[in-house]
Amino acid sequence: MKIGIIGAGNIGGNLTRRFTAAGHDVSVANSRGPETLRDLAGETGATPVTVAEAARGADVVVVTVPMKAVPGLPGDLLDDAPEGVIVIDTGNYYPQQRDGRIAAIEEGMPESRWTELQLGHPVVKVFNGTYAHELLDKPRPKGDPERIALPVAGDDDAAKKVVRDLLDGIGFDSVDTGGLDESWRQQPGTPVYGLAADADTVRKALAEASPERTAEWRA
Ligand SMILES: NC(=O)c1ccc[n+]([C@@H]2O[C@H](COP(=O)([O-])OP(=O)(O)OC[C@H]3O[C@@H](n4cnc5c(N)ncnc54)[C@H](OP(=O)(O)O)[C@@H]3O)[C@@H](O)[C@H]2O)c1
């Protein structure tokens with residue numbers, strides 16, 4: 001698959017490692033330009049590109065930048081992507097440490113619904129509750145009792161199926177959280193956030209979540 005990754009930090013860098021290792025054709029961009037991605041490209045075989053180029057011809061685009069940076073991404077970001085491109089959002093709203101106040105989220109909008117509105121394209125929320133190092137440490141072959149499952153939320157079942165197959169290919173099971181309106185079940189402060197457990201445990205944690213944001217995760 002052709003995958004464009006926007007953001008090459010903790011998560012974007014490790015997704016570049018996992019997806020290239022699984023044989024995908026990966027392009028990766030950051031805010032400072034492709035010349036600053038030479039080491040990651042040399043290590044993984046990914047192609048360093050500008051943000052404007054990242055989605056070109058991509059089957060899947062991963063947006064993995066701090067949420068406060070999402071509104072500043074180019075408005076035509078996805079114009080060169082094929083129709084039906086799947087956009088993955090890994091984002092978490094960290095109002096106190098990083099992102100500042102985002103009124104719509106404070107008023108109850110699920111984080112990824114807000115990101116979707118900024119991007120003008122549906123998103124699939126995944127990887128948001130997984131520590132970056134777990135992307136390298138936790139992958140296991142299918143059927144391994146230690147294999148962990150990641151929650152996946154989104155409104156497009158076909159897109160979610162592609163994403164869940166992608167996860168399977170890099171060593172993770174997955175659990176369908178439901179549509180994006182249910183994606184609060186995997187946001188920061190919920191039982192599944194940071195859990196790293198098997199599918200049954202993840203399902204139970206999603207069911208036990210409360211839509212109320214805790215004080216720690218409010219502005
Ligand atoms: N860290 C984790 O364990 C973890 C786990 C799950 C989810 N998340 C979430 O995933 C997202 C990314 O987290 P992270 O820890 O990977 O962040 P990070 O290490 O701070 O990396 C952010 C990346 O985004 C790039 N970036 C920032 N603004 C940009 C812009 N306008 N255009 C293009 N690229 C831009 C940065 O580019 P430069 O390198 O050029 O500055 C950097 O490569 C966040 O929403 C975070 O909450 C993080």
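Colleague: What volume does the largest pocket have?

Modeller: Bearing in mind that this is a predicted model, the largest pocket comes out with a volume of about 420 Å³.

Colleague: And which residues lie nearest its centre?

Modeller: The lining of the largest pocket is made up of 20 residues, and those nearest the centre are Asn-10, Ile-11, Thr-64, Asn-92 and Arg-98. Helix H1, which covers residues 10–21, supplies the largest share of that lining, with three residues.

Colleague: How many of the lining residues of the largest pocket are nonpolar, polar or charged?

Modeller: By class, the lining of the largest pocket has 11 polar residues, eight nonpolar ones and one that is charged.

Colleague: OK, now the ligand. Which space does it take?

Modeller: The ligand takes the space of the largest pocket. Around the ligand there are 23 residues, with Ala-8, Asn-10, Ile-11, Ser-31 and Arg-32 being the closest, and this shell divides into 11 polar, 10 nonpolar and two charged residues.

Colleague: How much of the ligand does the protein bury?

Modeller: The protein buries 78% of the 900 Å² that the ligand exposes when it is taken alone.

Colleague: Changing topic: how many cavities of 30 Å³ or more does the structure hold?

Modeller: There is one cavity of 30 Å³ or more in the structure, and the space in the largest cavity amounts to about 80 Å³.

Colleague: Which residues are closest to the centre of that largest cavity?

Modeller: Gly-129, Ala-149, Pro-151, Val-192 and Ala-196 are the closest to the centre, out of 15 residues that line the largest cavity. Strand E7, residues 149–153, contributes the largest share of this lining, namely three residues.

Colleague: And what does the lining of the largest cavity have by class?

Modeller: The lining of the largest cavity has nine nonpolar residues, together with five polar residues and one charged residue.

Definitions and conventions
Residues are numbered from 1 along each chain as its sequence is written. This is a predicted model: local features need pLDDT of at least 70, side-chain atom pairs count only at pLDDT 80 or more; totals for chains, interfaces and linings use all residues. Side-chain values use heavy atoms; hydrogens and water are left out. On a 1 Å grid over the protein atoms alone, a cavity is a set of points where a 1.4 Å probe fits but cannot get out, and a pocket is an open set with protein on both sides within 12 Å along at least five of seven lines; lining residues have an atom within 4 Å of a point. Grid points are joined across faces, edges and corners, and a volume is the space filled by probe spheres set on the points. Helices (H or I, at least four residues) and strands (E, at least two) are DSSP runs, numbered from the N terminus. Ala, Val, Leu, Ile, Met, Phe, Trp, Tyr, Cys and Pro count as nonpolar, Asp, Glu, Lys and Arg as charged, and the others, Gly among them, as polar. A residue is near a molecule or strand if one of its heavy atoms lies within 4 Å of it. Accessible areas come from the Shrake-Rupley method with a 1.4 Å probe; for residues, only the protein chains shown count as cover. A molecule sits in a cavity or pocket if more than half of its atoms lie within 2 Å of its grid points.
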